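This report walks through selected local features of one protein model. Please keep the sequence and the 3D view open as you read.

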Amino acid sequence: MTILKRSASMVSALVMMISSAGAYNCSAEGTTVNDSNTNNTREIVIDGTTAQLKENMRYRGAGMVSANNSSRLLLDYKAEHPDVYEQIMEYMFGKEGIGITHLKLEMGADINSSSGTEPSVMRTEDEKADVTRGAAYQLAADAKKINPDLTLDMLWWSEPKWVSDASDVYAARYKWYKNTLDAAYETYGLEFDYVSAVQNERGADPEWVKYLSSHLKSEKGTPYDYSKIKIVGGEEVCTWGFADRMYEDSELMNVVDVVGSHYTSESTENAQKLAYEENKELWFSEASSPMAYAQGTYRYDGSGLAGINGTLDIANRIIGMYPNGKMTLYEYQPVVSAYYDGACYCQKQLISACDPWSGYYMLDSGFYMSLHFSQFIEKGWAFVDSGCYSDGKKGGDGHAIVDAVYSYMTATDTETGDYSTVITNTTSEPIQYDLKVSGLDKASSNVSVWETRGPDSIDDSYDENYFKKTEDITPTENGGAYTYSVTVKPNSIVTISTVTPERTEYKNADESERTVLKLPYSDDFEYAGYPENYLSSRGNAPRYTTDQGGAFEVEKTDKGNMLVQQITADMKANEWGYTPEPVTTFGDDRWYNYSVNVDAAFATSQDAGSNYVGAGLRYTLGCNSYSGYWIKLYENGSWELKANDSTLSSGNIDGFDGTASHKLKVEAVNNVIRGYIDGNMVAEYTVNEGESLIGAGRASLFSSYNKNSFDNFSAEPVEGSDTYVTRFDETDSCFTFEGNWEHNLMSSFKNYKRTISDGAEGDSFTVSFEGTGFALSGETRENAILGVSIDGGDEQLVTVSRTGQREISCHFEGLSEGAHTAKVTIKSGKYTIDAMQVTGGKIPFEKKKPAKSESTKSGKSKLPIAVGAGICAAAAVGAVIYGIARKKRKENND
């Protein structure tokens, strides 16, 4: 993790540090490098005669793992904003973007495989495989239209229960595989090039691998030649034990074409022998995307790109995979985060796309990092062994690369002689590289230098120096080789290449284009006005939902369309990790004071005391078993008003009819939560001082593992209260810290943007915002007393007790609409700040017209220069604090 301690004087020092970074200088050998601070020099010898020409060891490009619900919301982008969907797809699979060359899909089993569930295509043995469920196969079909050479793979985390329980598991599993392959071709024309023959990140079964291979090779009458589908083995975390098994089993050696490992840039001697001697491919077959919040963290580390799991760490993993592991493919997991914030492992992506109603999306810092590879090195280029090196070590979470000084990779087009070298510098000092090129047809050709680094000043945009051309260099002939020098600045990545990319400018749009999903919002699951095949084209998935447990799909009934939870206890697949009881979440996490209303009906069960339905709001953490405030109703008439997994109030309804449909309503107004059943308020709860408050969040529907149904959903604003919030991270410009705060810039994904700041007695911070109130959130582990002064007024004391992650510790409301400042001082104890939500202020409602397609190359581009993103502006930011009122409780058990 990246933890910085910051004193009041550190701000000015950091400004000086960033300003002194400047642009690096390049020169041909023999001229002076205009950087007197460059004391570290290293030679890179690029000798074309050392190019690795074995086909199985050539650069394979970038891969993508679509799994764990990570692509789900792309279905809604496609339906609501098809032009935007095309842009996102082009950025992922097109030549001007990341240029994904290999796509691996999760074979879903309706269990949570980390950040959500992937639906099973065969929930029973006799069900016809339905690959329209989920986003994966449709994503693959659309991706192939952009890149017909894209190769496809599929892998399972868990398998359907009927497979696991079969008397002949191999036969049942093979039926699942084959029927999926058949359906993918029948539905979308997809031909799979690979299948992963093992369970993701679990011990491999070599006998099953051989069984799968032999059966695929013996298939006749298939829509394409299944015998040519290649077998991928391994898929374990940080280990290459599968390579050892191959040397122990000659039959296994013969049937496996690729061995992959997860989250390691190194491989073993046996694994590398597979590449050199057995012509097998080695892949980095599940690998991280950057997790840092560069938009804010650059103010604290000087770049926003540094640290464990940061953008440059990921670049080092890509660079190191060949010299240290002889791996040729880096499979990002995920490329696009098309799920809602708060899911397990969130704040991890190259592109963020979680606002399908507005069409807003963001090219994150990792996207620009990926361009340093994709725009200069193509699939099939040969690594130049003499020009590849990485001295980084394993560290941090065991997946990271730390203590790297020299990190670079070189590849060449063996037909044209073009070459490219990618270099990172994750040290605090510039490094001069003296390059010596020979044995390539274009050794004497001019090269261009492209750089990504942090801004020159704290006051500048975080991305002002992303993917910028900085220099053209003419090499100098020197003893039969051609030489030149490049100085690489601290915490930067550069690419030196004879290739000129077609696209030279990328820019994110303003945050104002991320418009809120306005309330009231309703869904009767009929979708009048949509194409007739709207539901059938997406496996009957409702609009905007993401499932964390179970499977919520629309069914036609004699009463019209209903949303039905599909998974029962007897068909629930074996766990891969942990799956909460069925819950789906949807909507805008800026919804704050509102109500959720839905009609719910029970499927008849054997145990009415365990069969339940629920409706919730302020859902913030999908990684928890339960999130937000919700009303829970059982088939026997008992009910509970819940906060996350805690019960605030409970009761029982006399004469309850479990066979009828019932109206559920939950309402939140600041710190007052109310639950209603069939129009009657059964509970009112006021969050007491000393209790944490759950802030703004999405709507949710809950169910036990029964086929319970829902209809006529609505989310409605509460009259007389602020409906929406604007949320800011504590690293955003609206926060100013004084004292000895400890800023953790790479913490748990349960913290907003993965950042958190800890202070102690005497430390303070000031927030500036526009609005009518503010609330501060963050996991506080012990009691503290805060002094809060708003707009220079008298200091008020607020007692803060323990709060969970993303929960509000204190808040203030009822301020006049306008600009405010609040100074918060820790009077006693320790306090943690993670984020702030502001009520009132300017809420973006109407989406601007889509940006016109532009490009800096000749001709037309499919991609716009502007595509959603942004950070908070200092003027539009807020802070929040307020002593929580005493508890009130009102119950009605009728």
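## A buried serine

Ser289 counts as buried, at 0% relative accessibility. Buried means under 20% relative accessible area, exposed means over 50%, and partly exposed falls in between (1.4 Å probe, protein chains only). Ser289 sits in the loop between β10 (281–288) and α11 (294–301). Helices (H or I, at least four residues) and strands (E, at least two) are DSSP runs, numbered from the N terminus.

This is a predicted model, in which local features need pLDDT of at least 70 and side-chain atom pairs count only at pLDDT 80 or more, while totals for chains, interfaces and linings use all residues. Residues are numbered from 1 along each chain as its sequence is written, and side-chain values use heavy atoms, with hydrogens and water left out.

What does Ser289 touch? Leaving aside residues up to four places away in sequence, the list is Ile314, Tyr332, Gln333, Pro334, Val335, Lys348, Gln349 and Leu350. Contact means heavy atoms within 4.5 Å. A polar atom of the Ser289 side chain lies 2.3 Å from the backbone oxygen of Pro334.

## Two cis peptide bonds

Pro334 brings us to the backbone. Gln333 and Pro334 are joined by a cis peptide bond, with omega about -5°. Pro334 is in the loop between β11 (329–333) and β12 (336–337).

Leu519 and Pro520 are also joined by a cis peptide bond; here omega is about 5°. The loop between β26 (492–497) and β27 (521–523) holds Pro520.

Phe467 is not a glycine, yet its phi is positive, at about 50°. Its place is the loop between β22 (447–453) and β23 (468–473). Is Phe467 buried or exposed? Phe467 counts as buried, because its relative accessibility is 2%.

Lys753 is another residue other than glycine with a positive phi, near 60°. Find Lys753 in the loop between β45 (741–744) and β46 (756–760).

## Helix α7 and its cover

Helix α7 (residues 206–218) has 13 residues. From first C-alpha to last it reaches 19 Å, close to the 18 Å expected at 1.5 Å a residue. The expected span is 1.5 Å times one less than the number of residues.

Which residues of α7 are buried? They are Trp208, Val209, Lys210, Leu212, Ser213 and Leu216. Their cover includes α6 (169–188), β7 (194–196), β8 (230–237), α8 and α9 (250–255).

## Two helix pairs

Two packed helices are described by the angle between their axes and the distance between the axes. Axes are lines fitted to C-alpha atoms, for helices over the stretch in contact, and angles run from 0 to 180 degrees between N-to-C directions. Angles under 35 degrees count as roughly parallel, over 145 as roughly antiparallel, 65 to 115 as roughly perpendicular and the rest as oblique.

Helices α8 (residues 241–248) and α10 (residues 269–278) pack at about 55°, with axes 8 Å apart. That makes α8 oblique to α10. Ala243, Asp244, Met246 and Tyr247 of α8 meet Asn270, Ala271, Lys273, Leu274, Glu277 and Glu278 of α10. This contact has five nonpolar, one polar and four charged residues. Nonpolar covers Ala, Val, Leu, Ile, Met, Phe, Trp, Tyr, Cys and Pro; charged covers Asp, Glu, Lys and Arg; the others, Gly among them, are polar.

Helices α3 (residues 82–93) and α4 (residues 136–146) pack at about 70°, with axes 10 Å apart. They are therefore roughly perpendicular to each other. Tyr85, Met89, Glu90, Met92 and Phe93 of α3 meet Leu139, Asp142, Ala143 and Ile146 of α4. By class, this contact of α3 with α4 has seven nonpolar, no polar and two charged residues.

Terms used
Polar contact = N/O pair within 3.5 Å; in protein donor to acceptor, adjacent residues only side chain to side chain.
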